[in-house]
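Here is a quick tour of one protein model and its ligand. Have a look at the fold before reading on.

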Amino acid sequence: MKMVLWGVIACVASTSYGVKAFAQQSPQPTQPPPKEQNQQHSTELPPGAGRDTVMRVCSKCHSPNILVANPRDRQGWEDTITKMAGLGAMATDDEFTEILEYLAKNVTPQATAKVNMNKATAAEMESSLELSVKEAEAVVSYRTKNGDFKSLEDVKKVPDVDAKKLDAKKDRLTF
Ligand code: HEC
């Protein structure tokens, strides 16, 4: 009980001191908190089976975003996982397999490459955005008819394209 009380007092004291010190030192309007700080626990890992396991096992020592920044093929991931296990990453064999499957499917150079929606061919959209042939062709013919897309919202206007698929890949679309 006492400990808690002291904690509260210390907390209030340091907060008000912090505010005072800040007010004295900088008369300018308060700046919004840097975005990165709020997003420390968010990640760019794409959705997919096994993502939770990757988050749990591979974010203990570094941000999981390091994985997205270093896409590689299956062999590359196998080697990396072996190396990380050597460095102390802990998981069961099943979990390591799940992690490998997730990374080999979702964090390869192809799966993380940016796709320019105004330049990509239907075949490219099909393979790298997992659109069906029909959807990819619908996007291209809509583009041919209506001109360049300006944003994701424009692409969502294409009839018969699953908006959820586009949302899932939205970080990779460029215009
Ligand atoms: C016990 C701590 C630890 C855990 C857990 C861990 N890593 Fe690492 N990781 C490191 C260290 C230390 C480095 C930097 C050393 C280096 O680059 O050789 C690193 C660097 C990396 C890099 C960048 C360097 C490279 O090899 O390209 C990747 C990618 C990576 N880790 C992937 C993973 C994956 C995937 C997992 C989950 C299976 C994981 N890490 C879990 C410690 C860890």
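Among contacts in the protein chain between residues at least 6 apart in sequence, 55% join residues at least 24 apart; contact here means C-beta atoms, placed from the backbone, within 7 Å. This is a predicted model, with local features needing pLDDT of at least 70 and side-chain atom pairs counting only at pLDDT 80 or more, while totals for chains, interfaces and linings use all residues. Residues are numbered from 1 along each chain as its sequence is written.

The protein chain has 11 helices and 2 strands, taken as DSSP runs numbered from the N terminus (helices H or I, at least four residues; strands E, at least two). Of its 175 residues, 14% count as buried, meaning that 20 or more other C-beta atoms lie within 10 Å of the residue's own.

Now for the ligand. It is surrounded by 15 residues, the closest being Cys-58, Cys-61, Met-84, Gly-88 and Ala-89; a residue is near if its C-beta atom lies within 6 Å. Two or more shell residues come from each of α3 (51–58), α4 (65–69) and α5 (74–87), and α5 gives the most, with 4 residues.

α5 also packs on helix α6 (residues 93–106), at an angle of about 145° and with the axes 9 Å apart. Axes are lines fitted to C-alpha atoms over the stretch in contact, and angles run from 0 to 180 degrees between N-to-C directions. Among the residues making this contact are Trp-77 of α5 and Phe-96 of α6.

Here is how both groups divide by class (Ala, Val, Leu, Ile, Met, Phe, Trp, Tyr, Cys and Pro nonpolar; Asp, Glu, Lys and Arg charged; the others, Gly among them, polar):

| Group | Residues by class |
|---|---|
| Shell around the ligand | 10 nonpolar, 4 polar, 1 charged residues |
| Contact of α5 with α6 | 7 nonpolar, no polar, 2 charged residues |

Methods: Two residues are in contact if their C-beta atoms, placed from the backbone, lie within 7 Å. A residue is buried if 20 or more other C-beta atoms lie within 10 Å of its own, exposed if 12 or fewer, and partly exposed in between; C-beta atoms are placed from the backbone.
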